[in-house]
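Here's a quick briefing to read with the model open. Have a look at the structure first, then go through the points by topic.

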Amino acid sequence: MGKDTGFLEVDRQDRTYLDPGERLKNYKEFVVPHDEEALKAQASRCMDCGIPYCHNGCPVNNIIPDWNDLVYKGDWKNALEVLHSTNNFPEFTGRVCPAPCEASCTLNIIDKPVTIKSIECAIVDKGWQEGWIKPHVPEKQTGKSIAVIGSGAAGMACAQQLARAGHAVTVFEKSDRIGGLLRYGIPDFKMEKHLINRRAVQMEAEGVTFKTSAEVGVEVSFKALQENFDAIVLSGGAEEARMLDVPGAELPGVRFAMEFLTQQNKRNAGDDEVRAAPRGTLTAKDKHVIVIGGGDTGSDCVGTSNRQGAKSVTQLEIMPQPPEKEDKALTWPDWPMKMRTSSSHEEGASRDWSVLAKRVIDDGGEVAGLECIRVEWKDRQMVEIEGSEFTLPADLILLAMGFTGPKKRGLLDRAGVELDPRGNVAANTVDYSTSEPGVFACGDMRRGQSLIVWAIREGRQCARAVDEALMGSSELPR
């Protein structure tokens, strides 16, 4: 390493945010990046730890110590090359990945991990600024054609790798713009969408064709794809949202988080209200909002509700409140369960744990509140606490309780692929093959809802499996 004692001399200092009062005025990113000298200092903290557990903590196996060392030495261009060797889209993960690599960092034993995510983001952002990121056009074409269904992180990574191997790749996306969850599920204040657009331009120069508003199994025949392509990759999302099964859940003021987030992202993209909200405008303005679900999607609903001008925002979670600090001896280097407060929470929200929704209060066909009860967990069983009932005022209830797997109607019904016991497309992580010859699956459609960094990993590995199946061997990395 460039500076063996860097971790002893330099304290951890991560990126900062604009003040909530400033950032709540718009939907733009609000992270304040470090300057180059500060980043070099932070990179110098990457200690010569012998076994870099960050490699295993990172799903795409980023070679983190190497590009930290290169940043410390000021060799940004080679740092970018090392970073891109394992990750097609570091500007995505550098913004929205929860950074399991930092949890695995040896310095996290003392709660001062290297600021890996910030350094990663800085490397790729500098690469774009300097014009170092260019299309990788293959020297020759294989004559093979592949259809990739779904243009989220997994589909984009898979398509880019296959195009670079010389295959003719067509990506089919049911929405009007590419990006999947990246485009319509993640708020712009976490990741602005011009980042997707410039990668799409790069991929088109590499030979990828994008077809939007083309839902396979509806507008596009799956059988026709089988007849006209040498291979098909299923890389859609796990979009079947978990329902709220209580009285009153059918009221118009009870809506899914993804509809709420998608509408705002479409408005930010310039769509009029007819295109952004075909089922009617969904807004938190001047409303008491309850978000059911304590994960990232729920947090995104909190941040979006605050920007829309909600009167109040309450986020409920059925599981117990996590501890403020994990027991390192039991958890490190694995991802710990502990209390996490997002930037959206800091902007204003009430949070409550061990709460079960019992009934949505109906006031003349409109949502007026939510009846709840507190629960406790005994031997992994949820038990309602007698006498703990309470009611919260609500005008809008957003469901962010996770997803049960990919939607079956349409694509999967037509594809006829076997599903695993969880309802995902059955395929392993060796050859990514489904039960249908020539049909592969990766990303959330295969593994269930997960992180973008896992989607990129699976997309890359699936690309190698497809290349190997078509050509007999592959030089693509896993």
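Let's start at a turn: β12 and β13 form a hairpin with two residues between them, and Asp379 in that turn has a positive phi of about 55 degrees. Helices here are DSSP runs of H or I with at least four residues, strands are runs of E with at least two, and both are numbered from the N terminus. The model is predicted, so local features need pLDDT of at least 70 and side-chain atom pairs count only at pLDDT 80 or more, while totals for chains, interfaces and linings use all residues. Residues are numbered from 1 along each chain as its sequence is written, and side-chain values use heavy atoms, with hydrogens and water left out.

**The antiparallel strands**

- β12 and strand β13 (residues 381-384) pair in the antiparallel sense over four bridges; two strands count as paired if DSSP finds at least two bridges between them.
- Within that pairing, Glu376 sits opposite Val383 of β13.
- β12 also pairs with strand β14 (residues 390-393), again antiparallel and over four bridges, and here Leu370 stands opposite Leu392.
- Strand β11 (residues 355-363) joins strand β12 (residues 366-378) through eight bridges in the antiparallel sense, with Leu356 facing Ile373 in β12.
- The β11 and β12 hairpin has two residues between the strands, and Gly364 takes a positive phi near 65 degrees there.

**The parallel sheet and its helices**

- Five strands make an open sheet in the order β7-β15-β8-β9-β10, and the pairing is parallel.
- Which strands stand at the edges? They're β7 (254-256) and β10 (350-352), each with a single partner strand, so one side of each has no neighbour in the sheet.
- Neighbouring strands of this sheet are turned by 20 degrees against each other on average, direction ignored.
- Strand β9 (residues 312-316) runs parallel to β10 and is joined to it by three bridges; Gln315 has Arg351 of β10 as its bridge partner.
- Helix α16 (residues 296-308) packs on the sheet, touching β8 (288-292), β9 and β15, and its direction makes about 175 degrees with that of β9. Contact means heavy atoms within 4.5 Å. Axes are lines fitted to C-alpha atoms, for helices over the stretch in contact, and angles run from 0 to 180 degrees between N-to-C directions.
- Helix α14 (residues 257-268) lies across β7 and β15 (396-399), at about 70 degrees to β7.

**A helix pair**

- Helix α10 (residues 153-164) packs with helix α21 (residues 452-471) at an angle of about 35 degrees, their axes 7 Å apart.
- On the α10 side, the contact residues include Ala153, Ala157 and Leu162, and on the α21 side they include Ile452, Gly459, Arg460 and Val466.
- The residues of this contact divide into 11 nonpolar, two polar and two charged. Ala, Val, Leu, Ile, Met, Phe, Trp, Tyr, Cys and Pro count as nonpolar, Asp, Glu, Lys and Arg as charged, and the others, Gly among them, as polar.

**Around Lys328**

- Is Lys328 buried or exposed? Lys328 is in helix α17 (residues 328-331) and counts as buried because its relative accessible area is 12%. The cut-offs are under 20% for buried, over 50% for exposed and partly exposed in between (1.4 Å probe, protein chains only).
- Leaving out residues up to four places away in sequence, Lys328 touches Asn108, Ile109 and Asp111.
- Lys328 and Asn108 are 220 residues apart along the chain, with their C-alpha atoms separated by 8.6 Å.
- A polar atom of the Lys328 side chain lies 2.8 Å from the backbone oxygen of Asn108.

- Asp111, one of the residues Lys328 touches, has a positive phi near 65 degrees without being a glycine. Asp111 lies in the loop between α8 (100-104) and α9 (116-130) and is partly exposed, at 35% relative accessible area.
- Asn61 isn't a glycine either, and its phi is positive at about 55 degrees. Asn61 is in the loop between α4 (53-57) and α5 (64-72).
- Trp332 and Pro333 are joined by a cis peptide bond, with omega about 5 degrees; Pro333 is in the loop between α17 and α18 (343-346).

Key:
Polar contact = N/O pair within 3.5 Å; in protein donor to acceptor, adjacent residues only side chain to side chain.
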